[in-house]
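Please read it alongside the sequence and structure shown here.

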Amino acid sequence: MKIIKTQSPKQKPIGKIKFGTVFTDHMFVAEYSKNEGWHNERIQPYQPFVLDPSSSIFHYGQGVFEGMKAYKNKAGEIMMFRPLENFKRMNSSNGRMMIPPIDEKKMLDGLVELVRLDQDWIPTGEGEYLYIRPAIFDCDAALGVHTATNYTFFIIMSPVGAYYANGLAPVRLFVEDFYVRASKGGTGHYKFIGNYAASLKASDKAEKAGYDQVLWLDAQHKKYVEEVGSMNIFFVKNGEVITPSLEGSILPGITRMSIIELLRHKGYKVSERLIEIEEIIQGIISGEVTECFGTGTAAVISPVGVIGYKGKDYALGDGKTTGKITMDAYQSLTDIQHGDAPDAFNWVYKV
Ligand code: COI
């Protein structure tokens, strides 16, 4: 693979960094054309793309992405968490969006090279890591609405701390009962860029009302809890961990599936099923629902302190303290991720 190194390395950031605002010196790029397939894999200095204004990504948005991370263990070894799962999910998203499949192993090899090259950018402070963003966009320069024949795949990397501004403090969720994120048969099950654009109106509404994120309900009945957009959602009810089942409109999170497996392995009862928002609200009132947390690559395990529903706030416990099972999930997962606990599931990938 061709590697073009930067002649002007950037200054590394010092102190707290806002999520996803600083990028490393290099990026990985590959291109797709009908005749050549995926080709021209290379690492090059981080730089802008030059695109024709008629490029279809600007108009019809055939684009998908992934979120991954790399960090160092105490011995200074570089690790990633289940990276092949992300490239597999990217191919699932590609299938839905009519984007040609990538060679998962080849792209992982490219990522490994990139992480090795920019390894000095991996932050080592508490809760910090190198966030990795692979993405694909279509780039046919033509305005007809059809499946594109040219695509660009790229990977950029960003040193980050906690995703939410308040770090690990419990977040406040707003239950959206007008706008919807995704419907069955649509794109909610995939990491499609449009899902995120479609979520912004409700996020703005939630933020203006004093919440951090939106808790989405199903599009058909506005009754069942789905996910948070940046994370999947879990509740603890009568000591049992419950999470919405994947019904076709929820993103199949890699942290989600890992936490289900990990908590079951630790002896917790974990169920995936339809969960009515009313069941959660009534459960908080009666004291049966004691904890709520979100899972995601960026969010890791984010405790939820308050759920706002139909004009009223419902606090989990005192709304400020992270619950016991949430803490156990966070600690157990991050210990495996950082090499502080045995990797019983073979999830850690050493670079
Ligand atoms: C991730 O957790 O990696 C995500 O992609 C969620 C968000 C930052 C869009």
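## A lysine in a loop

Lys18 has a relative accessibility of 66% and so counts as exposed, the cut-off for that class being over 50%. The model is a predicted one. Lys18 sits in the loop that runs between strand S1 (2–3) and strand S2 (26–33). Its C-alpha atom is 9.4 Å from that of Pro159, although 141 residues separate Lys18 and Pro159 along the chain.

## Ligand site

How many residues surround the ligand? There are 10, and the closest are Gly67, Tyr131, Lys191, Thr297 and Ala298. Sorted by class, this shell holds 5 nonpolar, 3 polar and 2 charged residues. Domain 1 (2–160) and domain 2 (171–337) each contribute residues to the shell, so the ligand lies between the two domains.

Lys191 places a polar side-chain atom 2.8 Å from an oxygen atom of the ligand. For Thr297, a backbone N or O atom lies 3.3 Å from an oxygen atom of the ligand.

## Aromatic pairs

The whole structure contains 16 aromatic pairs. In one of them, Trp38 and Phe153, the ring centres are 6.3 Å apart and the planes stand at 80 degrees; the pair is therefore edge-to-face, since planes over 60 degrees apart fall in that class. Trp38 belongs to strand S3 (residues 37–45) and Phe153 to strand S8 (residues 150–160), so that the pair links distant parts of the chain, 115 residues apart. Are these two residues buried or exposed? Trp38 is buried, at 14% relative accessibility, and Phe153 is buried too, with a relative accessible area of 0%.

Phe153 also pairs with Phe87: here the centres are 6.4 Å apart, the planes make an angle of 40 degrees, and the pair is tilted. Because Phe87 is in helix H2 (residues 83–96) and Phe153 in strand S8, this pair ties together parts of the chain 66 residues apart in sequence. Both Phe87 and Phe153 are buried. Ring pairs join these residues into a cluster made up of Phe28, Tyr32, Trp38, Phe87, Tyr151 and Phe153.

## A buried glutamine

Gln213 is part of strand S10 (residues 213–216). With a relative accessible area of 16%, Gln213 counts as buried, because the limit for that class is under 20%. Its side chain makes a polar contact of 2.9 Å with the side chain of Ser230.

## Positive phi values

At 33% relative accessibility, Asn40 is classed as partly exposed.

Lys310 is another non-glycine residue with a positive phi, of about 50 degrees. Lys310 lies in the loop between strand S15 (300–309) and strand S16 (312–315). Its relative accessibility is 59%, so Lys310 counts as exposed.

How values were computed: Residues are numbered from 1 along each chain as its sequence is written. This is a predicted model: local features need pLDDT of at least 70, side-chain atom pairs count only at pLDDT 80 or more; totals for chains, interfaces and linings use all residues. Side-chain values use heavy atoms; hydrogens and water are left out. A residue is near a molecule or strand if one of its heavy atoms lies within 4 Å of it. A polar contact is a pair of N or O atoms within 3.5 Å; within protein, one must be able to donate a hydrogen and the other to accept it, and residues adjacent in sequence count only if both atoms are side-chain atoms. Ala, Val, Leu, Ile, Met, Phe, Trp, Tyr, Cys and Pro count as nonpolar, Asp, Glu, Lys and Arg as charged, and the others, Gly among them, as polar. Domain bounds come from an automatic or database domain assignment. Rings of Phe, Tyr and Trp (its six-membered ring) pair if their centres lie within 6.5 Å; planes under 30 degrees apart count as stacked, over 60 as edge-to-face and the rest as tilted. Helices (H or I, at least four residues) and strands (E, at least two) are DSSP runs, numbered from the N terminus. Buried means under 20% relative accessible area, exposed over 50%, partly exposed in between (1.4 Å probe, protein chains only).
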